[in-house]
Amino acid sequence: MSAKVKQIREILDEIASQKSKFHLTERYESRHVMPRERALTHSFVQASEVIGRDDDKENIIRLLQDSSDSEQISVIPIVGIGGLGKTSLAKFVYNDERVRNHFQLQIWVCVSEEFDIKILTEKIIKSTEDGITHVEKLKNMEMDQLQRILRESIGDKKYLLILDDVWNDDPMKWNQLKELLSMGANGSKILVTTRSNKVASIMGTIPKAYELSGLPEDECVALFTKCAFKEGQVKRYPNLLKIGVEIVKKCKGVPLAVKTLASLLLLNTDESYWKSIRDSELWKIEQKETDILPALRLSYEQLPAHLKKCFAYCSFYPKDYEFNDLTLIQFWMAHGLLESANQDEEPEDIGLRYFQELGSRSFFQDFEVGEGISITCKMHDLVHDLALTLTQNEFLAITSSTTHISHNVRHLLFPNSTLLPQDLSTLLQGLDCVRTAIFQSDEKSPSSQSNLDSYLLRFQYLRMLDLAHSKLEIPLDWIGALKHLRYLHLHGNSRIKKLPNSICKLYNLQTLMLCEGIEELPSDIRYLINLRFLLFSTKQKCLPMNGIGCLTSLRFLGIGSCEKLEHLFEDMQGLKHLRTLVIDGCESLISLPQSIKYLTALEILAIGNCENLNLTWEEKGKSDKHLAQFNLQKLILAKLPKLVDFPEWLLQGSSNTLQFLKLESCEYLKKLPVCIQNIASLQ
């Protein structure tokens, strides 16, 4: 062995001498390595939403029904560049009645870049009917236990498994998973969607992967027409249709590009504007598989300046990150991106307008409305790539392989805060002007402790600090020194148990999200005079006066998972501008304070999972003009077993404003109030 080592060293010395001979120099190349924390993609799709894929659908179904494959389980890859609609096609097939009848069991799993066998096994089990009973136990199980449950769940059934968005090109990892899946009846199939031909060749068992090509031009025109024109407009604007056909040709059959440009043109019937899109120089950029689609780049160029900045900042989060409109707007606010000529317009309303406009232009997708309170969505991978190209000089994802950080970097993402570079102190030298620090952790990573506080103190201009779900146990005594901090996110970090009172020196703080496990709120919280968004959990029995009730700038208040909390603060009248109040999982809460009736700006009230909450008031002075006079738009009451008589005082003053009323799992509620028939605004 020593002789072999000597020989290898001689070869390396020879290579080193060649480097000098050819005057080659070493340099470090920084790469953006982004984790993909993709939530499970749902498997349902409206058939009417899928245009031009009928032939592809029939071809895939034939492959799924084919019994001539000698393999016990055959793997069919669908391969193609991003934006072609691989996932939509897989959904189209998955929901076909013939497919449902052909397989005894159907499973949908979104894989993304992280091909972790244990996590994938957990996801597959969760997607089976039998797996629902094991959901809570799965995280603590070893692989041996998981594979036994997997065998029980699938057994000898003929199953169809969709592995959506696979990036792994390590054959050993795939073989490990394939071995686990070598059960089920003959004829079981695995359908894989991927951008990589290499992945397809490693995983596929059929002679050739199914290569998804671009849509035919006529189908692209049909898609464009559907998205770019309102009903009846096509006949009125024949010239626009001609220009539109020319624009479609430049989309090269990619549905996402077609939809993006079409939505851009939807509200504009100016012929010269359509021609400027058609004749743009950006179209001359050669389109390669790894490039940003010219259509997306062009859509970005057409955005107003204020939306360009908001869109670019979305690149700070990983691909497939699930954005929430409430927190995204707070994120934009923290960086001063929201502008309005109208001084009376609330920043939250400006942010919502921006969010909706970016959504309407197809920069966001996969929208889901959560309980009528918030909206979640994602960015298409290619759209995220576009955002990254805009921020590449100012934004960096730091991994264990990072060796150099430019002094121009202003925004840092630590994708896995349990795998930080060894020389982090040296790396962060000279980065005093950093504005954003986002720390994340993998669920499977062990908890870790770090001396990050000494590094973070250098960032005197920090606007945003996100330690959510990072599992970093950081003493926060120093945090009061970050005078410019506007956004502090600790929710989901179970390692932080106590908040120092110095946090109340953050006079510029606008957003504070606290984690479960916090013993109590800081005693001087009233000094956070600019706080607009507060989400917290506490182990206190009651919330004191002169605390939260003094936060006159507060617009959103979320109180969640406070198991011991019996009473809220009595001085609610101080929250004159509060627009949203959410109370959830406070099982010991007995009643709401009478001062809640003074929240005249309240638009959304959601109360749920409060087992002992009694909403009935002794309304002694019904004629009292100060009886609750809300202007609610949304009212949500859920899982309140003590709710017997509907609390009519909640509807006082809302007959012309209430649009959304949800009552769920209130099994002892006798009837709806008579006054509900007077709510003309209810949608």
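How exposed is Cys 227? Cys 227 is partly exposed, with a relative accessible area of 21%; here buried means under 20% relative accessible area, exposed over 50%, and partly exposed in between, using a 1.4 Å probe and protein chains only.

A word on the ground rules. This is a predicted model, so local features need pLDDT of at least 70 and side-chain atom pairs count only at pLDDT 80 or more, while totals for chains, interfaces and linings use all residues. Residues are numbered from 1 along each chain as its sequence is written, and side-chain values use heavy atoms, with hydrogens and water left out.

**The overall picture**

The protein has 21 helices and 22 strands; these are DSSP runs numbered from the N terminus, with helices being H or I of at least four residues and strands E of at least two. Of the 683 residues in the protein, 51% are buried. Take the contacts with a separation of 6 or more, and 65% of them join residues 24 or more positions apart. Contact means heavy atoms within 4.5 Å.

**Cysteines**

A search of the whole structure turns up zero disulfides, a disulfide being a pair of cysteine sulfur atoms within 2.5 Å. Cys 610 is in no disulfide, and its nearest cysteine sulfur, on Cys 586, is 5.0 Å away. Cys 610 counts as buried because its relative accessibility is 0%.

Helix α13 is mostly covered, with ten of its eleven residues buried. Among them are Pro 255, Val 258, Leu 261 and Leu 265.

| Helix pair | Angle | Axis distance |
|---|---|---|
| α13 (residues 255–265) and α14 (residues 271–278) | about 155 degrees | 11 Å |
| α10 (residues 217–228) and α13 | roughly 30 degrees | within 8 Å |

With that angle of about 155 degrees, α13 is roughly antiparallel to α14. Angles under 35 degrees count as roughly parallel, over 145 as roughly antiparallel, 65 to 115 as roughly perpendicular and the rest as oblique. The crossing of α13 with α14 is right-handed, meaning the near helix is turned clockwise from the far one by less than a right angle. On the α13 side, Leu 261, Leu 264 and Leu 265 meet Tyr 273, Trp 274 and Ile 277 of α14. That contact comes out as six nonpolar residues, no polar and no charged. Ala, Val, Leu, Ile, Met, Phe, Trp, Tyr, Cys and Pro count as nonpolar, Asp, Glu, Lys and Arg as charged, and the others, Gly among them, as polar.

What about the other pair? α10 and α13 are roughly parallel to each other, and their crossing is right-handed. Cys 220, Leu 223, Phe 224, Cys 227 and Ala 228 in α10 meet Pro 255, Val 258, Lys 259, Ala 262, Ser 263 and Leu 265 in α13. Here the residues divide into nine nonpolar, one polar and one charged.

Glu 122 sits in helix α5 (residues 117–126). Glu 122 is buried, at a relative accessible area of 10%. Setting aside neighbours within four places in sequence, Glu 122 is in contact with Leu 138, Lys 139 and Leu 146.

Ile 405 lies in the loop between β9 (395–397) and β10 (411–414), and counts as buried at 4% relative accessibility. Not counting residues up to four places away in sequence, Ile 405 touches Leu 396, Ile 398, Leu 427, Leu 428 and Leu 431.

Technical notes: Axes fitted to C-alpha atoms, helices over the stretch in contact; angles between N-to-C directions.
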